[in-house]
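I opened my notebook to look at ring contacts and helix packing. These are my entries, in the order I made them.

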Amino acid sequence: MTLAILGGEPTIGNPGVIGNPVAFTAQDRDAVIQFMYSKSGRLSFYGREGLLGRYEDELAAYHGVRYAVLTNSGTSALYSAYFGLGLEPGDEVIASTYTFLATVTPLVSLGVVPVLADVDPETGNLDPDDVRKRITDATRAIVVTHQWGHPAEMDEIMQIAQDHRLRVVEDSSLAIGATYRGRRAGSLGHVAAFSLGSSKLLSGGQGGALVTDDDEIMERANLVGHFARRSEAQVRSEKYLPFVETGYGHNFRMHALGVAISYRRFRRIEDLMDRRARRYNALTRQLESSRLLRPPVTLPYATRGSWLGYTAGFDAEAAGVDIDTYAKALQAEGLLVLPRGYHPLLHRTALFTRYEDGYRRQGPFAPGKRLYAEGDFPAAEAHVDAQLAFPHFLDEDDWIIDAYGEAIRKVENEIDALIAWRKQQTAE
């Protein structure tokens, strides 16, 4: 068969949209309609009344903690978590360079210094050994991203935190429902935050949540984003009680319709996780016969839960072509794949390579800002540069997974033709 990139017929004629935004169901629409015509008659929650309070209680119970605070985004939830820890300008927080920007940008707003660290080459998660090397007298916390649903090495991370009196934040946006040694991701650190927006499993269109067992984190999270009625109901300590009326300057309330949609999806969380797992497990089976792509590994003591993301390792040496050429060939066949993952490594972005970043007139987000260069995180660079990212499968028909496997086999069977095409392109 002639490759589509060389003029042949593509394997999939109508590929759809990259990063499936989640096809909302009739049940989701009914949740909105029922809420709008409910007795409350309001489209905002000012306290923990009604559906919002019920959702928070069930989210907290699901994670095995006492408190949950819904917010308008995962970014706001992370901001609330960092503020909840009492971080101040000049403090340092260690984070993986391999994470989405929103894991660290809330720190910028707080004047806190993100200190990037390298990753485990197998899972892409934060490397505990590299974390130890990054700790200074200014380090106050570690934020852990459970990359593509695979929990990080939390026992080791928590031991490091205990040894150095640090706090641990879990960014669980990609790992709702995941488990680590029998424990739920989001219940392993001192506080966890996750997104309920975009293409996330529990998407309400926009939204986020914080979960914790810590009274002070909960109170501060309420005060920073939920003033007056909400804080009056939640804040009890003498230290913070005088400030419940004014709060601390933000409005992070989740929209009521987003709550209604997300809650309805939460009630189906096991089914949604099973549907995604079935599709990704089927994709793994398609890749097992590939000589160029290595499916992601799930370690025996972990489950991936919502598993928001699937990247496979590409062997450029065996292929004889670079990952960009290979990805173009698959894209021409109708596959919605991306070379080098879904987003860049943080140390390759302008925010971490330029001192003058325009954030404040008197300099960047903190006097101790760290700058990085190519080669600073060799494991992360090698890992990401070899990753081919696939769509966020959830609602697609099963035949699409089979078609992905067919296209991959087609390109591999015609790899010599692709090599010749690439050489011709280079010569021209």
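I began with the surroundings of Tyr 62. I looked up its relative accessibility and found 16%, so Tyr 62 counts as buried, the cut-off being under 20%. I note here that the model is a predicted one.

Next I looked at what covers the ring. Arg 184 lies over the face of Tyr 62. I read 4.0 Å from Arg 184 to the ring centre.

Then I searched the whole structure for aromatic pairs. The search gave 19. One of them joins Tyr 62 and Phe 266. Their centres are 5.6 Å apart, and the planes stand at 85°. I logged this pair as edge-to-face, because the angle is over 60 degrees.

Is Phe 266 buried or exposed? Its relative accessibility is 7%, so I put it down as buried.

I turned to a second pair, Tyr 180 with Tyr 301. This one is also edge-to-face, at 5.8 Å centre to centre and 90° between the planes. Tyr 180 belongs to strand 6, residues 179-180. Tyr 301 is in the loop between strand 10 (293-294) and strand 11 (302-303). The two parts tied together are 121 residues apart in sequence.

I checked accessibility for both partners. Tyr 180 is buried, with a relative accessible area of 1%.

Which residues do ring pairs link into a cluster? I listed Tyr 280, Trp 307, Tyr 310, Phe 390, Phe 393 and Tyr 404.

My last entry is on helix packing. I took helix 3 (residues 74-84) and helix 7 (residues 215-225). Their axes are 8 Å apart and the angle is about 125°. The crossing of helix 3 and helix 7 is right-handed.

Who makes the contact? From helix 3, I noted Tyr 79, Ser 80, Phe 83 and Gly 84. From helix 7, I noted Glu 216, Ile 217, Arg 220, Ala 221 and Val 224.

Methods. Residues are numbered from 1 along each chain as its sequence is written. This is a predicted model: local features need pLDDT of at least 70, side-chain atom pairs count only at pLDDT 80 or more; totals for chains, interfaces and linings use all residues. Side-chain values use heavy atoms; hydrogens and water are left out. Rings of Phe, Tyr and Trp (its six-membered ring) pair if their centres lie within 6.5 Å; planes under 30 degrees apart count as stacked, over 60 as edge-to-face and the rest as tilted. Buried means under 20% relative accessible area, exposed over 50%, partly exposed in between (1.4 Å probe, protein chains only). Helices (H or I, at least four residues) and strands (E, at least two) are DSSP runs, numbered from the N terminus. A charge sits over a ring if NZ of Lys or CZ of Arg is within 6 Å of the ring centre and within 35 degrees of the ring normal. Axes are lines fitted to C-alpha atoms, for helices over the stretch in contact, and angles run from 0 to 180 degrees between N-to-C directions. A crossing is left-handed if the near helix is turned anticlockwise from the far one by less than a right angle, and right-handed if clockwise. Contact means heavy atoms within 4.5 Å.
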